[in-house]
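Subject: Structure handover

Hello,

Here is the structure you asked about. Please open it next to this email and follow along.

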Amino acid sequence: MRTPDQPVLRDIVLIGGGHSHVGVLKRFAMKPVPGVRLTLICRDTHTPYSGMLPGYVAGHYSYDDVHIDLSRLAEFAGARFYRAEATGIDRNTKRVTCKGRPDVPYDILSINIGSSPRVNEVEGASEFAVPVKPITGFNNRWLALLSRIENHDGPLTVGVVGAGAGGVELTLAMQYRLKNELEQRGRNSDQLHFHLFDAANEILPTHNAKVRSVFRKTLSDRGIKLHLGSPVEKVSEGLLRTATGDTLQTDEVLWVTRAGGPAWLAETGLALDDGLFLRVRDTLQVENDDNIFVAGDIANVVNHPREKAGVFAVRQGPPLADNLKRLALGKAPRDFHPQKKWLALISTGDKYAVASRGDVQFDGALVWRWKDWIDRRFMAKFTDLPPMEEATTLPDTGAAQNAEEASQAISAVAMRCGGCGAKVGSTVLSRALSELRPIERDDILIGLHAPDDAAVLRIPPGKAVVHTVDFFRAFIDDPYTFGRVAANHSLGDVFAMGAEAQSATAVATVPYGIESKVEDVVYQMMSGAVEVLNEAGCALVGGHTGEGRELALGFAVNGLIDPDDVMSKGGLRAGDALILTKPIGTGTLFAAHARLAAKGRWIDSALASMVQSNKKAADCLRSFGSKACTDVTGFGLLGHLVEMTRPSGVDAELDLSAIPVLPGAEETSAAGILSSLQPANIRLRRGIRDQERWVKHPRYPLIFDPQTAGGLLASVSADKAEECVRALKALGYPYTAIIGRVTPQDESGPIEPITLKE
Ligand SMILES: Cc1cc2nc3c(=O)[nH]c(=O)nc-3n(C[C@H](O)[C@H](O)[C@H](O)COP(=O)(O)OP(=O)(O)OC[C@H]3O[C@@H](n4cnc5c(N)ncnc54)[C@H](O)[C@@H]3O)c2cc1C
């Protein structure tokens, strides 16, 4: 993440990572607007490029060849990436509602969410047919079908509903691939049957007669049965029925019919047509809201209706970016007129394609190569990311649309006070915190519900207090997720001791800016943190927030423990097994993310691991009699293991191949991308016996990798270890593994306590 030099004055929020928004991100990356912040909200981290999808299905491209990594692109553009599904827009408060996270405020909004086939218009279709969109759903089903045919014997029948360009292209691609897969396994591909249905009497209705005739012939030559004038009226398990009374037994039904927008758009009060597409002016602004732009399939540009095709969404990207910038700078958006004729290159699955433009048609293997060249060149724009141009200009107060905001902007960049003056203003803070609902506990006598100079806590008789503190800078540009990780990380020490979390006080720094923006950052960050604290039964009792250059958050956490139940670092016993509950690799992965060298899905899985609480794992380990436990954090796995062996007076054996590792971490560390803390951690290599022997091992750098909100490293007696791992996996820690064992201290030999093996 990059901390902007200028305070944020305008928030442009993009919903959906469609073909237009990727163009917007790229243009903002190349020429950022000082004071304007972009936030991309998208359900998927990897967004498909429609032009190459059939080629992916046919097996000519890999998943990464045809998907744009939004997490990486947003990082490149200096934009915030919120992986979430938008479910509403409150235009009065100018907020986007999202599933599973706080609302996101906007000044200017842009919607590029595509459309989905209307499966709910036909009985049984939403239950028994697979809509081609969202693509993630289709892809999962497609991968399942591919693995199913490995063991499938006998006939396999696929019905495709919708004979437009998408349906025809997809049918040919699927048939080509499945046939190949069967033949490669020495099986009879004659068992494969494809049926293509459409209510209309013609295929490819938006293309010329010559194109249609080529595809009719191809479908017939390939044995694909066409059912035209046959509206499908019912789908049930294994069966499809048409209005003309025909039935077909099917193994899979795919839905590629007329699409529509999502139902939630109807609640926004935005101008819609009867297909739930947003009615848009030539400037790409919605008819009835100047602050909301729309592009791609979901837009119905009323003066220039066009086919729903990715090519139009792509073309809208540059004018959309320009208009977003213009509006942010207080200038009037400009009209955009899409082209009337467009070139479609439609493939037949077998590296052959048909070109269609107006009345023109030509086809051949060369057309496929031409299409492949165009598509790869398009993708390269979003994968081969060039070095960025530094934005050096000072905030343009023209970005503030009125005098009040201009003065806010100026005051925001004025000299900031240090000391107590650097506190975030109390009104901003109390507004941000007023929405939070931290849990209350009977043993908190004075907490946030009755704020005072300090919190007052009661310690139940017989209990001891566990007290710990952690603090760190934001490593991702999403304050809500950062808040969750920070709270989870801070609670880790308490759980590792075997304690119950009782209370927490927060300390935070927030980059300066205009009040509404600071307030939202505090709100988003603390919402995430409070969710995690509440789930842990830990009451937030107070805190301190100051201004700083970077967003940072930490917590002092109190826990309660029965002194006899303490799981300490010094409790390792020779003969015990060493268990690790979460995979390692967060340090290298986030270092790679900052260098645009990590795949978005690697970052997603790292974040999913970082927000997972260690509470249940600690309870489970304790129930298996563990007396030694620590959470793996900044010193890395080896550092924390050495911290345990030393006070325990034992040595340990670590099995490198058994250590669970996050997806992508081996790749990024092999590329030499490591956390800035790695060199300090590597000093501990002195503790490894024969360490020179292991330096080239791919897992070796990872044992020094500093972890954020890492898992628990604990010892359990060897006879219970396997059962304990099974119990931890059942509790939702799927990566849990026995990673080594505790050995008696070798008093005769050298002082290195750790022996590696593989
Ligand atoms: C099989 C097939 C082949 C095709 N081939 C071609 C072709 O060769 N050329 C062509 O021009 N067109 C083609 N099309 C049409 C093309 O797919 C669409 O026109 C195009 O994808 C529309 O682009 P878009 O940017 O509007 O939306 P999309 O590409 O659908 O992108 C929408 C994005 O928004 C996200 N999103 C959706 N809802 C939400 C939400 N509520 N909150 C957050 N994020 C959300 C999605 O995850 C996705 O990232 C094809 C279609 C199909 C089905």
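Start with the ligand. Around it sit 31 residues, and those that come nearest are His19, Asp44, Thr47, Lys133 and Asp297. A residue counts as near a molecule or strand if one of its heavy atoms lies within 4 Å of it. This is a predicted model: local features need pLDDT of at least 70, side-chain atom pairs count only at pLDDT 80 or more, and totals for chains, interfaces and linings use all residues. Residues are numbered from 1 along each chain as its sequence is written, and side-chain values use heavy atoms, with hydrogens and water left out.

Now the polar contacts (pairs of N or O atoms within 3.5 Å; within protein, one must be able to donate a hydrogen and the other to accept it, and residues adjacent in sequence count only if both atoms are side-chain atoms). Asp44 uses a side-chain N or O atom, 2.7 Å from an oxygen atom of the ligand. Asp297 uses a backbone N or O atom, also 2.7 Å from a ligand oxygen. Gly310 has a backbone N or O atom 2.8 Å from an oxygen of the ligand. How much of the ligand does the protein bury? Alone, the ligand exposes 1000 Å², and the protein buries 90% of that. These accessible areas come from the Shrake-Rupley method with a 1.4 Å probe; for residues, only the protein chains shown count as cover.

Which elements supply the shell? Strand 2 (36–42), helix 6 (165–184) and helix 8 (310–328) each give at least two residues. Helices (H or I, at least four residues) and strands (E, at least two) are DSSP runs, numbered from the N terminus. The shell has 12 nonpolar, 12 polar and 7 charged residues. Here Ala, Val, Leu, Ile, Met, Phe, Trp, Tyr, Cys and Pro are nonpolar, Asp, Glu, Lys and Arg are charged, and the others, Gly among them, are polar.

Next, the sheets. Two strands pair if DSSP finds at least two bridges between them. Strand 11 and strand 18 (residues 252–255) pair over 2 bridges. Val130 has Leu254 as its bridge partner in strand 18. Contact means heavy atoms within 4.5 Å. Axes are lines fitted to C-alpha atoms, for helices over the stretch in contact, and angles run from 0 to 180 degrees between N-to-C directions.

Another open sheet has 4 strands, ordered 29-32-30-31, with mixed pairing. Strand 29 (464–473) and strand 31 (539–547) each have a single partner strand, so one side of each is left without a neighbour in the sheet. Strand 30 (residues 500–510) and strand 31 run parallel, joined by 8 bridges. Thr505 has Gly542 as its bridge partner in strand 31. Helix 13 (residues 515–535) packs on the sheet, touching strand 30, strand 31 and strand 32 (552–561).

Last, find Pro438. Where does it sit? Pro438 is in the loop between helix 11 (426–434) and strand 27 (444–446). Its C-alpha atom is 8.4 Å from that of Val541, 103 residues apart along the chain. Leaving aside neighbours within four places in sequence, Pro438 contacts Leu448, Val530, Asn534 and Leu540.

Best wishes
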